[in-house]
Amino acid sequence: LLFGAVLLINAMLPFVLIERLAMPPAMYGVLTLFNGVGFMLGTLICVRWVKQKGVSALIQLGLKGLMASATLMMLLGLSGLLNWQVVVIPIVLMMVCVGIAFPSLSAAVLQPYGSKIGFASALMGAGLGLMALLTTVAARFLRADSQMPLAWGLVVISLIAWCLAANQHQK
């Protein structure tokens with residue numbers, strides 16, 4: 001689901017920023033670099049904290065941060081604000097959170113398989129491909145006239161991911 005969140009951002013963000021907010025494409029390209037920087041920062045945080053806090057704690061931190069960032073974008077949109085800052089800043093925060101959670105989720109998913117890790121990894125890759133398909137098809141049906149459809153989609157994705165992780169953690 002985290003991969004789906006990233007793909008939803010990639011599918012909808014250019015329409016919101018370039019078409020709706022009339023941002024020059026070159027400026028959009030520069031701003032999307034911050035998404036990569038956010039993700040890299042998140043993975044560095046993950047590497048630094050994984051031994052101290054553990055995989056489960058980092059998954060929860062990343063998913064709660066993703067939900068909080070998506071909710072922030074939604075609340076800013078509900079207040080009537082629409083500019084590149086109220087779209088890009090929450091997305092960069094989301095990418096930091098995805099960078100924290102994704103490596104931990106991958107480790108948690110693959111760790112139990114031991115000698116069958118190749119099969120598990122291939123299955124995980126197929127799941128990512130399926131998520132790419134579903135997310136981009138869903139994005140096709142969302143309007144991009146403001147950040148709200150993107151924010152709602154990200155809130156739903158983060159809520160589902162958090163519920164699934166919480167349910168898995170209880171087992």
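Analyst: Cysteine 97 has a relative accessible area of 12%, so cysteine 97 counts as buried. This is a predicted model. Cysteine 46 is buried as well, with a relative accessible area of 5%.

The next point is bonding. A disulfide is a covalent bond between the sulfur atoms of two cysteines. For cysteine 97, the closest cysteine sulfur is that of cysteine 46, 12 Å away, which is too far for a bond. The cut-off for a disulfide is a pair of cysteine sulfur atoms within 2.5 Å. A search of the whole structure gives zero disulfides.

Now the helix H4, which covers residues 84-110. Leucine 93 is found in helix H4. With a relative accessibility of 39%, leucine 93 is classed as partly exposed. Leaving aside residues up to four places away in sequence, leucine 93 touches Ser69 and Leu72. Alanine 70 is 23 residues from leucine 93 in sequence, while their C-alpha atoms are 9.0 Å apart.

Helix H4 also has a packing partner in H5. The buried residues of H5 pack against helix H4 and against helix H1 (2-20). Those buried in H5 are Ala120, Met131, Ala132, Thr135 and Ala139. Helix H5 runs over residues 117-140, and at 1.5 Å a residue its 24 residues should span 34 Å; its end C-alpha atoms are 34 Å apart, so the two values agree.

Definitions and conventions
Residues are numbered from 1 along each chain as its sequence is written. This is a predicted model: local features need pLDDT of at least 70, side-chain atom pairs count only at pLDDT 80 or more; totals for chains, interfaces and linings use all residues. Side-chain values use heavy atoms; hydrogens and water are left out. Helices (H or I, at least four residues) and strands (E, at least two) are DSSP runs, numbered from the N terminus. The expected span of a helix is 1.5 Å times one less than its number of residues. Buried means under 20% relative accessible area, exposed over 50%, partly exposed in between (1.4 Å probe, protein chains only). Contact means heavy atoms within 4.5 Å.
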